[in-house]
Amino acid sequence: MKTIFLDRDGVLNHRIKGGYVRTADKFVWEKGARTALRQLTQGGFQIIVVTNQAGIGKGLMTFDDLERIHVKMKKEAQEAGGFITDVYYCPHTAQEGCACRKPRPGMLVQAALDYGIDLTSAVFVGDSITDVMAGKAARTKTVLIAGCSQVCDTVRHGTVAATGLSTAQTGDPGANAAWSGMSSCPDGVAASLFEAAQTILKGEI
Ligand SMILES: [Mg+2]
Ligand SMILES: [Zn+2]
């Protein structure tokens with residue numbers, strides 16, 4: 001079974017800029033995301049979510065809050081025919097230097113151990129450069145969800161270092177330097193998880 005790793009905020013649900021989804025009612029699905037989950041499930045993919053949730057480390061929300069959000073997410077996915085096998089999250093802040101916070105690959109590596117996943121045949125879909133970096137570090141294929149057409153074009157043309165994305169956008173102070181030095185771009189760029197899923201299901205990623 002092939003595995004697809006999904007970032008959460010900005011891929012499955014609307015991300016809250018400069019903040020966190022702290023309660024289940026603030027978890028709002030992205031358009032087409034549940035359809036994509038159903039199609040990927042029907043297509044035989046194992047779906048695993050990997051998400052940074054530093055709001056816990058910052059004391060803005062509790063483990064129980066996050067658990068309630070994920071119960072709702074999995075339930076509503078299942079009602080739409082999509083099965084989420086597991087959710088890995090990093091509760092730490094960037095300052096804690098843990099091994100799980102993306103762009104580090106710790107959550108992907110742990111999932112590979114837990115589920116016997118061949119990471120080189122897995123795909124990681126995320127909306128941040130740090131997702132692409134984590135995927136590359138774990139040797140998965142990577143798809144960047146980029147709503148901004150300018151970023152899409154820039155990435156497609158292989159001049160990512162020139163995008164000038166800020167630390168706020170990447171969410172990690174070290175990300176820009178590492179991204180600039182990366183020799184390769186994501187394997188794919190899509191406007192949404194729905195669009196990414198169509199490409200993945202056709203075997204084009
Ligand atoms: Mg995200
Ligand atoms: Zn962590």
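This is a predicted model: local features need pLDDT of at least 70, side-chain atom pairs count only at pLDDT 80 or more; totals for chains, interfaces and linings use all residues.
1. Aspartate 7 and aspartate 9 are both buried (under 20% relative accessible area, with exposed over 50% and partly exposed in between; 1.4 Å probe, protein chains only).

2. On conventions: residues are numbered from 1 along each chain as its sequence is written, while chains are lettered from A and ligands numbered from 1 in the order in which they are written. Local features need pLDDT of at least 70, side-chain atom pairs count only at pLDDT 80 or more, and totals for chains, interfaces and linings use all residues; side-chain values use heavy atoms, with hydrogens and water left out.

3. The protein contains nine helices and six strands (DSSP runs numbered from the N terminus: helices H or I, at least four residues; strands E, at least two). Of its 205 residues, 47% count as buried.

4. The six strands form an open sheet with parallel pairing, in the order 3-2-1-4-5-6; two strands pair if DSSP finds at least two bridges between them. Strand 3 (84-90) and strand 6 (188-190) are the edge strands, each pairing on one side only. From one strand to the next, the twist averages 20 degrees (axes are lines fitted to C-alpha atoms, for helices over the stretch in contact; angles run from 0 to 180 degrees between N-to-C directions).

5. Strand 2 (residues 46-52) runs parallel to strand 3 and is joined to it by six bridges. Valine 49 stands opposite valine 87 in strand 3. Helix 3 (residues 63-79) packs on the sheet, where it touches strand 2 and strand 3 (contact means heavy atoms within 4.5 Å); its direction makes about 155 degrees with that of strand 3.

6. Helix 4 (residues 106-115) also packs on the sheet, touching strand 1 (3-6), strand 2, strand 3 and strand 4 (123-126), and its direction makes about 140 degrees with that of strand 3. Its buried residues are Met107, Leu108, Ala111 and Ala112. Because they cover an arc of only 140 degrees around the axis, they lie on the same side of helix 4; the arc is that of the directions from the helix axis to the C-beta atoms. Their cover includes strands 1 to 4 and helix 5 (129-138). Glycine 116, with a positive phi near 60 degrees, follows helix 4.
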